[in-house]
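Hello,

Here is the structure I promised to pass on. Please open it first, then read my notes below.

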Amino acid sequence: MSWVQAVPEILSPGDQDVFDEEADETLLVQREWQGHMRRRIQEGYRDGVDAGKAVTLQQGFNQGYKEGAEVIINYGLLRGTLSALLSWCHLHGNSSTLISKINDLLDAVGQCEECVLKRLKSVTPQPQVTDLLDSIEDMDLCHVVPAEKKIDETKDERFCENSAEFNKNSDKSHNGIHCSHSECCRTQEHAHLEKPSLTWILEQTTSLVKQLGVSVDVLQHLRQL
Amino acid sequence: MAVEQDMFDTVVMADERFHGEGYQEGYEEGSNLGIVEGRRYGTLHGAKIGSEIGCYRGFALAWKCLLHSSAVEKDSRKMKVVEALIALLQHFPYDDPTYERLHEDLDRIRGKFRQLCSLLNVQPDFKVTAGDSGLAF
């Protein structure tokens, strides 16, 4: 916004060495003008955010929808197949050990699915911290903070304080991400030791199908996984 | 004279220019925010639909095979319904939220699935949260 700073120069007449009163008035006018500029920029910014959001919201939704559907459908396929086997077992009075094994595998698929969903959610890009910092600086929202703390502030101080606080917040949110990531990893580690992982479930399902005495063709549609 | 006129214009137009500059920046920021926010909703909705459709598909394809392989179960009526369900699922663009007949087709698929289950006399528990799949928000 370099030209914003340039504007007051146009207004302030070159002859500043007239009377003190007049000089003060000029200063007042300048301040008023600057305040007005800032307000107009803020208004414009808000309008711009709304307009930009309105344009891309649906686009983002469609992208996310496709991604989510494509990733999760495989887990659905597996779950549906296991459910079919389970209902088949119930109908044919198969042994309860096999039935409970299928139930275990169904739980495992559910766990996998949950983990993937969690990852999908956390992968969603966070708003870029630098961009936000820029816009907050531009919006000059910081005057709220010092007002509470009664600091006789210069502009620089205000900005420092604000960015410090902001960094704190962004640190927090970063930690949040790390947490969910490590949590997810932990479940996956856990998974490798005991259960999940799609390949493991598939292997188990294949051996189960053999035990049931059913043709492995029943899993044909899972080969793509 | 010309310089004065320019200055006058600058002052008069300034309002618009300030607003315009703020708007430009805001628009960029808003575009990014829109994508992020939209994605978050979209992913959840898409995952829900993917999960449901995947279940039906896996269930139907597996049962088709089970019906084929077992001599006792060779029931043409069951087979017909399984085939019908598979056909419906194959034509359903599950990853496209803008598909105009999404709700209509989804209802048909769900209906066909229920019909198949009652024919087979089974009650699978998919834990599908039905009726919650939207085009938009």
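How many residues does the contact take from chain B, and how many from chain A? Chain B puts in 61 residues and chain A puts in 67. Bear in mind that this is a predicted model.

On the chain B side, the main contributor is α1(B). That helix gives the most to the side touching chain A, with 51 residues. By type, the chain B side holds 28 nonpolar, 22 polar and eleven charged residues.

Next, the cores. The largest nonpolar core has 50 residues. Within this core, V109(A), Y56(B) and A62(B) touch the most other members. Chain A supplies two or more residues from each of α2 (20–91) and α3 (96–123). The most comes from α2(A), with 14 residues.

Look at V109(A) in particular. Setting aside neighbours within four places in sequence, V109(A) contacts Y75(A), L78(A), R79(A), L82(A) and I201(A). There is also a second, separate core of eight residues. Its members include M37(A), I41(A), Y45(A) and L33(B).

Now confidence. The model scores ipTM 0.82 and pTM 0.67. Chain B has a mean pLDDT of 86, and 88% of its residues reach 70 or more. Helix α3 (residues 102–120) of chain B has the highest mean, at 94, while helix α1 (residues 2–69) of chain B has the lowest, at 90.

One stretch needs care. Over residues 129–137 of chain B, pLDDT stays under 50. Where pLDDT is low, predicted coordinates should not be read in detail.

Best wishes

Technical notes. Residues are numbered from 1 along each chain as its sequence is written. Chains are lettered from A and ligands numbered from 1 in the order in which they are written. This is a predicted model: local features need pLDDT of at least 70, side-chain atom pairs count only at pLDDT 80 or more; totals for chains, interfaces and linings use all residues. pLDDT is the predictor's confidence in each residue, from 0 to 100. Helices (H or I, at least four residues) and strands (E, at least two) are DSSP runs, numbered from the N terminus. Two residues are in contact if their C-beta atoms, placed from the backbone, lie within 7 Å. A nonpolar core is a set of buried Ala, Val, Leu, Ile, Met, Phe, Trp, Tyr and Cys residues joined through C-beta atoms within 7 Å. A residue is buried if 20 or more other C-beta atoms lie within 10 Å of its own, exposed if 12 or fewer, and partly exposed in between; C-beta atoms are placed from the backbone. Ala, Val, Leu, Ile, Met, Phe, Trp, Tyr, Cys and Pro count as nonpolar, Asp, Glu, Lys and Arg as charged, and the others, Gly among them, as polar.
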